[in-house]
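Subject: the model you asked for

Hi,

Here is the structure, handed over as promised. Have a look first, and then read my notes below.

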Amino acid sequence: MAGDDAVPLLAVRDVTKSFGAVAAVAGVSFALHGGEAHALVGENGAGKSTIVKMLAGVHRPDSGAIEMDGAPLVLGSPADARAAGIAIIYQEPTLFPDLSVAENIFMGRQPLGRLRRIDKAAMKAEAEELFGRLGVHLDPDRPARGLSIADQQLVEIAKALSVDARVLVMDEPTAALSGVEVERLFAVARTLCAQGAAVLFISHRFDEVFSLCERITVMRDGRWVSTDPTADLTVDQVVRRMVGRDVSALFPKEEVEPGEVVLDVRGLTRHGVFSDVTFSVRRGEIVALAGLVGAGRSEVVRAIFGIDRLDEGEVHVDGERLPAGSPAAAMNAGLALVPEDRRQQGLVMELSIERNATLTRLGALARVGLLSGRAERRAAREWTKRLQVKYGLLADAVGTLSGGNQQKVVLAKWLATEPKVLIVDEPTRGIDVGTKAEVHRLMSRLAGQGMAVVMVSSELPEVLGMADRVLVMHEGRVTAELSRAEANEETVMFAATGQNGTAA
Amino acid sequence: MAHDTLYAHPEAPAPEPGARRAGALWRALFTRWDTWVVIVLAVVVVGAGASVDGFAGPRNTQFLLMDIVAIALIALPMTLIVITGEIDLSVASTLGLCSAVMGQLWVAGLPLELIVVLVVVLGAVLGVVNGVFVTKFGLPSLAVTIGTLAAYRGLSFVVLGDQAVADFPRQWTDAASSTIGGSPVPWSVLIAVVLAVAFAVVLHWTPFGRSLYAMGNNAEAATFAGVSVNRAKFWLFVASGAVAGLAGVYWTLRYASARADNGSGLELAVVAAVLLGGVSIFGGRGTLLGVLAGVLLLGSLRNALQLADVPADTLNVVTGALLITSVVVPNVVGMARSWLRQRRHQRG
Amino acid sequence: MKTSEKHAGAQRADRSDVDGQRPDRRTGLGRRILVARELGIVVALLLLVAVTTVTNPAFLSAQSIRDVLLGASILVILAVGQTVVIVSRNIDLSVGAVLGLVAFATGKLFGAAPGTPILVAVLVGIALGAACGVVNGVLVAAARVPALVITLGTLYVFRGIDHSWAKGEQINAADMPSGFLRLGTSTLLGIPLLAVIALAVVLLVGAYLQSYRSGRELYAIGSEPNAARLSGIPVGRRVFIAFVVSGGMAGLAGVLYAARFGTLDATVGTGIELQVVAAAVVGGVAIFGGSGSVYGAAVGAVLLTTIGSSLAVLRINPFWQQAVVGGLILAAIGLERLLAARAANRLRGRTSHGA
C-alpha cells in the first residue's frame, strides 16, 4: 500500500464547478493511490456525482486541476478519460439497448482481424472470458435490451475490467445488486487494486464502504470535509460529518392522534414489479415506505396516483374508489404526489417558477375557462412565499434554482391543490441540510393539521424520525409493518433485505 | 388569508421590485425570437414597398393575402402540435385528398353546402387516424405522418386520378377571392383571422394551452402534474386534419379546380413558417403571434421576389435558407452564450 | 381516450418495464425478432411475386425481372445511404434534391465536355453529392439542429439551386455520349449493370456497418446517444460522415439516373425521398435509430418497386401505388412496435410467474 508521501496515481486539486448560480463543487481536493480503494461519501447532492463527471471528462472544472502521476491531466471529453485509463461504472448503466452485450463491452475497442474488420469470434471469446472471471453466465450475443439492472451493471463491470483500468470509479454501483453480485464486484475491485490500480468507490452503504476501502473522503454541500484512513473512523463519525450535526436533532415529528382512514390501498399488483400491497393511512398520520432501492416502493406510489397501470387491486380515497390509470382523477380525489425524480418528473425545468407552481391547478385559477396572468402570478407568489422559496424573478426558469428551492416549488405546486393525502417520494433527496430540516418540519406540521402523509424514503434516519408507521418492502412485497415503537435500524433493515419472512 | 396557520410565514407576499421587473420585461422582449421576426417582417414589407414596383398596390396585397391563407390556416394547429413536441407532415396530403373528394362529390351532384361540411369532417377523420397511431399505439408522429403523407396523397389520386374538376359554380369561386368592401383584404383572410384568434386564446389563455407547453418540454413531468398528454395530442391531430380539410375547400374554390395534387409540398412551407416564427422543433416554446409573423414574412418575401422577376422555383432557395437560419441561429447563439459564460466564469 | 394515457412516454415506459426484470437467459430473443423482421419482408416480397405470377405468368419472365431490378437499382442505392443516416438517429430528406441536382450536373458536364470519361463523370457526381452531404452534416453535427429540419431546408435549397441553374432547360439523351447512356441499359451476365452496381454498394456498405468500428459506432449513437458520448465516441464526426455517405450515394444515384433516363430537367427525383424513407422503414430500419440493416432496406426498395409493376400486371389502378407505400410505412412501424411490446410483455409475464 502506498504511503501518504508517495506521488498519488490520481489527484483532485482544489476543483470547483458551478451550474448557473449553484456551486455543485467548491474547492475539493483528495488523492487516489495505486493499490488502494478510496471511498467518497456524502449525502445526495453533496457533489459526488459532479466529481465523477469531472473524472469522466463530461464536466470540466471551472478552476482547480486533476493530476495523474503528478502531471496535470486535461479531461476534455470522455475519450480523454478513457485514454488516460479511467473507467467509470455509473449508477445508471449506460448501455446501447440495440447492440449485443459483447459489442457493449468492446464498443470502440473491438478486436480487429484482417482488413481492420471486427473479429466477432474473438470479441465473443473475450467477452466470455470476462464473464468467466466475473463468474456469471451472460450470452455475449444477446442484445442489451431486456437485461435486468443488475445484469446491465455486470456488463458495465466487464467493460471496466476489459480496459485494464488504472483508475476505476464506481458511482453507487451496488444499489441494484444482490449480496452475491456485490461480493463478485468487490473481488474484481480488489484484484484491480492488487494489480496496482486505484479505485474510487461511492456508496451509501457503510458496511460496503468500510469493508472495501482503505480511506474515506467525506463531502458536504459541495465542499470537502475530511479524508482519513478507514481504520481511524467509525460509522457514527462519518455520518455526523456528512450531515454536519447530530442526527437525532433533525427529525421533529409532532405527536398526533390519527383520525379516520383517508387512503385505503387493497391488493395492489403489477406483475413483475410489486404484488398484493395492502395498507391504509389515517388523517394526521405519516406512513413511511421503507426498503432498498428497487424494492418497488416508487412504483407502488406511482400506481396509486394513476401514473402506471395496475394489474390488480383497488385504491380508495375517503371510501370512494379511484378509477385506475388517471392522475387527474387522483388529484380530484385529493391525492398529491411529489415524485422521486425532481428534474424529470417533478418540474418542467425549462418553464418559469410561476408556470411550474401553478401547473397543478390551472383549471381552478381560470375564470370562464380563461387564465389571466395576474391570478396565476398572485397564486404563484403566495405559495412560493409560504414555502420560503428563494428566487430572483417568478419568470426565471425553475432550473436556475438550487435543489432545495426546486423541491420547495414542487411542494408548493402540490400543497396549493390542498390535498387530503400527500405522497412524497424521497422528499429530501439532493437538497441541502437546512432545507431538509424545513421540509421535515413542514411535513410534520401538515400531518398535525390532519393531512395524511405517505413518505417513500431510502434514508433510514428520516424514516425512523418522521414516521408513525413503517411499511417495509422487499422485492415488490410488503414484508413488515412496524409501529413507531417497533421500528429501529435493525428491524427495518431485516425486513428490507428479506431476512424476515413473516410480516410483523 | 385562509391558511395562515398552516405554514411558517403568514404575512402577505411582497411584490417584486417594479423597476427590476420592467427592465427584465424589456430585455425579455428583445431576446425573444418572435419580436425579431416581427421586426424583420416590417423591414421586408417597408423595403419591398419602397423598392419593388407594384408590391404595395391593392391588387398585389389581395393576391399576397389569398396566397398565404391556406398556409396560415394549417399553421395554426401545426403550431400547437409542434409545441407539444410532435409534428404533422400529412397536412398537405389531407388538403389534397379533401380537394379530390370535394371534386368527386360535386361530380356526383351533391349540394356544395353539404360537400363543404363533409369534406371538413373527412379532414377530421384523417386527423383521427394520425391521432390514433400516435397516441393509442405510441408511434413517433414523424414516422406516422410521413406514412399518411404518402397514403393520403395516394388516395387522392385513387379518388380523382390525374383529372381536374373545375366546373364549380361561379358565385362560390368568386366568393373565395372577393374582398371586404372596397379594401384589398379578401374575406377568406377574415376566416383565418377568426380562427387565429381562437387558436391564440386556446394556446395562450387556457389551461389546455398551458399544458401543451408543459408536455412539450417534459411529457413525463406533465403527466405527473395530472395533464392528459395523449388526449391533448389526439385532439390536436384531429384539429389539424379538420383545418387542413377546410384549407382544402378554400384551395379548391380559390383556384376553381379540384385536383389530386393540390397543395403538394405545402407541408414544407407550413413547417418552415412555424419554425421561422420561433416555435422550437424540440417542443415547449413558441407563440402564435410569432408564427403568423413567420407566415407573413415568408409570403411577402416570396411575393416581392416574384415581382422582382425571380422565378418561382428559385424562391425555394429562400424558403429553405430561412428555415435553416431560423433553427441554426438560435442554437449557435445559445451555444456561444454558454461558452462565453463558461469563459467568464473561469476567469472570474 | 382514457386508456391511451398509459402510453405517455411509451418508449420510456416499455424500456423500464423490461429493465425491472430478472434477466432473460434464453439466448437471442432479440436476434430472433431481428431475423423475423428481415425475413418478414422477404416473405412479403415472395408472396407478392407469387400472387402476381399466378395472375400473369409473364411476370416471372427474365425480361420482367430485369425491368424490376433496373427500376429498383436507383432506389436501392438511395435507401442504402438513407439507412446509414437513419441508424444514427437522423434522417436525410434532401436526397431527392441532391439526386436531381447531380443528374442535371452530369448532363451539363457532358454538354460542356463531351469527351469526359464515364468514370470521371461518376466520380464528379459522387463528389458533388458528397459536397451536399457535407453541408447537411456540418449543419446537423455542428449546430446540433435536428436533421429533419436541416434536410427539409436543404431539400428546398438544393432543389432551388437546380431550378435556377436549369432555368427551364431540358437535357435530352442526344446531348450525352452513347457510351454513357449504355451504362443504364447494358447487362452483365444477363443482369442489368445498374443492379450489379447497386448490389456492390449494398455489400460494401453492409460490410462497413456490420464489421467496422466506425460503422458499429453509428448504431451505438442511434441506440443511445448519451451513452455514446459517455463512452468516448466522436458523435459529431460520425454523424457528419453518415451525411456525407448519404450525399455521395445520392450523387451516384443521380449519375445513374442520367444514364438510365437520358431526359433531364430540374424536377428529376422530386418526392423520391419519401419512397427512400419508406423503403428503409419497410425494410426494418428503426426510424429512431439503432437497428436495421442495408440488406433489409434494399429488399424494401425492391418490394416497393415490385408493387409498382405488380399493380400494372394485376390491372389495378396504378394510382394505388403511393397509397400502398403509405400503408406499408404505417404497417412496418406498427408491426415493429407490436413486436417490441410483445417481447416486453413476455419478459414481464414470465417473471411474475417465476418470482
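Where does A:Val368 lie? A:Val368 sits in the loop between helix H13 (362–365) and helix H14 (373–386) of chain A; helices here are DSSP runs of H or I with at least four residues, strands are runs of E with at least two, and both are numbered from the N terminus.

Before the rest, some housekeeping. This is a predicted model, in which local features need pLDDT of at least 70 and side-chain atom pairs count only at pLDDT 80 or more, while totals for chains, interfaces and linings use all residues. Residues are numbered from 1 along each chain as its sequence is written, and chains are lettered from A and ligands numbered from 1 in the order in which they are written.

**Two positive phi values in chain A**

Most residues other than glycine have a negative phi. A:Val368 is not a glycine, yet its phi is positive, at about 45°. A:Val368 counts as exposed because it has 4 C-beta neighbours inside 10 Å. (Buried means 20 or more other C-beta atoms within 10 Å of the residue's own, exposed means 12 or fewer, and partly exposed is in between; C-beta atoms are placed from the backbone.)

A:Glu426 also has a positive phi, near 50°. A:Glu426 is in the loop between strand E17 (421–425) and helix H16 (433–448) of chain A. With 22 C-beta neighbours inside 10 Å, A:Glu426 counts as buried.

**Strands in chain A**

Strand E3 (residues 37–41) of chain A is mostly covered, with five of its five residues buried. On one side of E3(A) are A:Ala37, A:Ala39 and A:Val41, on the other A:His38 and A:Leu40, and all are buried. E3(A) runs parallel to strand E8 (residues 198–202) of chain A, joined by four bridges; strands pair if DSSP finds at least two bridges between them. A:Ala39 has A:Phe201 as its bridge partner in E8(A). E3(A) also pairs with strand E9 (residues 215–220) of chain A, again in the parallel sense and over four bridges. There, A:Val41 has A:Val218 as its bridge partner.

Elsewhere in chain A, four strands make an open antiparallel sheet in the order E12-E11-E14-E15. Its edge strands, each pairing on one side only, are strand E12 (274–282) and strand E15 (320–321). E14(A) and E15(A) are antiparallel over two bridges, and A:Arg321 in E15(A) is the bridge partner of A:His316.

A:Ile307 is in the loop between helix H9 (297–305) and strand E14 (312–317) of chain A. A:Ile307 counts as buried, with 25 C-beta neighbours inside 10 Å. A:Ser326 is 19 residues away from A:Ile307 in sequence and 6.8 Å away in space, C-alpha to C-alpha. Leaving out residues up to four places away in sequence, A:Ile307 touches A:Arg302, A:Pro327, B:Thr223 and B:Phe224; a contact means C-beta atoms, placed from the backbone, within 7 Å.

**Chains B and C**

Chain B has 14 helices and two strands, and chain C has 14 helices and two strands as well. In chain B, 54% of the 348 residues count as buried; in chain C, 55% of 355 do.

The average pLDDT of chain B is 87, and 91% of its residues score at least 70; pLDDT is the predictor's confidence in each residue, from 0 to 100. Treat residues 1–17 of chain B separately: pLDDT stays under 50 there, and the model has 15 contacts for them beyond four places in sequence.

Between the two chains, 49 residues of chain B are in contact with 48 residues of chain C. H6(B) gives the largest share of the chain B side, 14 residues. That side divides into 30 nonpolar, 14 polar and five charged residues. (Ala, Val, Leu, Ile, Met, Phe, Trp, Tyr, Cys and Pro count as nonpolar, Asp, Glu, Lys and Arg as charged, and the others, Gly among them, as polar.)

Best wishes
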